[in-house]
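Welcome, and please open your viewer. We will go from stop to stop, selecting a few residues at a time.

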Amino acid sequence: MTTQLAGDLMILALAARVFGMDAIALLRRLAAAGVRAGVSEMNRHEREGGR
């Protein structure tokens, strides 16, 4: 586990403790948006004749 991942998990735990389930739902949506952006970028790269 990297230091950055450990820090992110600690922030997630703190946000869940402070804001409850609303924070967890928001973080899930943000993670899903990040995944969609990554997949979109990969598809764009393949269409352009990437490596």
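What follows is a short tour of selections, with a note on what is there at each one.

Before we start, this is a predicted model, in which local features need pLDDT of at least 70 and side-chain atom pairs count only at pLDDT 80 or more, while totals for chains, interfaces and linings use all residues. Residues are numbered from 1 along each chain as its sequence is written, and side-chain values use heavy atoms, with hydrogens and water left out.

**Stop 1: the two helices**

Select α1 (3–19) and α2 (21–47). Helices here are DSSP runs of H or I with at least four residues, numbered from the N terminus. How are α1 and α2 packed? Their axes are 6 Å apart and meet at an angle of about 135°; axes are lines fitted to C-alpha atoms over the stretch in contact, and angles run from 0 to 180 degrees between N-to-C directions. That makes α1 oblique to α2, the word for angles that are not under 35 degrees (roughly parallel), over 145 (roughly antiparallel) or 65 to 115 (roughly perpendicular).

Now show the side chains where the helices touch: Leu-12, Ala-15, Ala-16 and Phe-19 from α1, and Met-21, Asp-22, Ala-23, Ile-24 and Leu-27 from α2. Contact means heavy atoms within 4.5 Å.

**Stop 2: Ala-16**

Next, pick Ala-16 in α1. Beyond its neighbours within four places in sequence, Ala-16 is in contact with Ala-23 and Ile-24. Is Ala-16 buried, exposed or partly exposed? Its relative accessible area is 25%, so Ala-16 is partly exposed (buried is under 20%, exposed over 50%, partly exposed in between, with a 1.4 Å probe and protein chains only).

**Stop 3: the nonpolar patch**

Select Leu-5, Leu-9, Leu-12, Leu-26, Leu-27 and Leu-30, which make a nonpolar surface patch of about 510 Å². A nonpolar patch joins Val, Leu, Ile, Met, Phe, Trp or Tyr side chains within 5 Å, from residues with over 30% relative accessible area and no salt bridge. Both α1 and α2 supply at least two of its residues. Zoom in on Leu-30, in α2: Leu-30 counts as exposed because its relative accessibility is 53%.

**Stop 4: the salt bridge**

How many salt bridges are there in the whole structure? The search finds 1, a salt bridge being a side-chain nitrogen of Lys or Arg within 4 Å of a carboxyl oxygen of Asp or Glu. Select Glu-41 and Arg-44 to see it, with the closest N and O atoms 2.4 Å apart. Both residues lie in α2, 3 residues apart, about one turn of the helix. Glu-41 is partly exposed at 41%, and Arg-44 is partly exposed at 33%.

Conventions: Patch = residues over 30% accessible without salt bridge, like charges linked within 9 Å, V, L, I, M, F, W, Y side chains within 5 Å. Areas by Shrake-Rupley, 256 points an atom, 1.4 Å probe, with all protein chains shown as cover.
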